[in-house]
Amino acid sequence: MEVEGSSKKMIATQEEMVENKVPIPYRDQCAHLLIPLNKCRVAEFYLPWKCENERHVYEKCEYELVMERMLKMQKIREAEKLKQQQKQGIGLIPSNATA
């Protein structure tokens with residue numbers, strides 16, 4: 001279940017995620033950090049000031065994944081824009097000029 005083009009590797013296996021009841025939308029490259037976070041949350045009765053270190057590490061991992069996807073999308077958009085410019089051609093006379 002490797003995500004194509006991602007720099008992060010899947011560490012948690014599918015069996016581990018099922019065993020620890022990780023919801024399907026959260027089964028990404030950061031799931032190995034979510035498992036101990038959820039265990040800590042249950043052990044500490046979901047007190048917001050507990051498990052701060054685990055939460056920070058998990059949220060940082062998710063942030064890095066989002067930033068990676070945003071950079072990839074930006075590169076795709078730039079490539080499409082360049083392709084359109086090459087397709088249209090760059091004229092010497094602007095289209096809004098009157099002759």
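Author: What follows describes the disulfides and then the parts of the chain around them. The model is a predicted one, in which local features need pLDDT of at least 70 and side-chain atom pairs count only at pLDDT 80 or more, while totals for chains, interfaces and linings use all residues. Residues are numbered from 1 along each chain as its sequence is written, and side-chain values use heavy atoms, with hydrogens and water left out.

A disulfide is taken here as a pair of cysteine sulfur atoms within 2.5 Å, and by this rule the count comes to two. In general terms, such a link is a covalent bond between the sulfur atoms of two cysteines.

C30 lies in the loop between α1 (14–19) and α2 (31–43), whereas C61 belongs to helix α3 (residues 52–88), so the pair ties together parts that are 31 residues apart in sequence. Helices here are DSSP runs of H or I with at least four residues, numbered from the N terminus. C30 is buried, with a relative accessible area of 0%, and C61 is buried at 6%, where buried means under 20% relative accessible area, exposed means over 50% and partly exposed lies in between (1.4 Å probe, protein chains only).

The other disulfide joins C40 to C51, again with S to S at 1.9 Å, and its -90 degrees about the S-S bond makes it left-handed. Because C40 lies in helix α2 and C51 in the loop between α2 and α3, this pair ties together parts that are eleven residues apart in sequence. Both C40 and C51 are buried. When the bonded cysteines of the protein chain are numbered in sequence order, the pairing reads 1-4, 2-3.

Helix α3, which carries C61, has buried residues Y58, C61, E62, L65 and E68, and the buried residues of this helix pack against α2. An α-helix has 3.6 residues a turn, so residues three or four places apart point the same way.

In the loop between α1 and α2, K21 has a positive phi near 55 degrees and is exposed at 72% relative accessibility. In the loop between α2 and α3, Y46 likewise has a positive phi near 55 degrees, and Y46 is exposed, with a relative accessible area of 56%.

Conventions
Helix = DSSP H or I, 4+ residues; strand = E, 2+ residues; numbered from the N terminus. Contact = heavy atoms within 4.5 Å.
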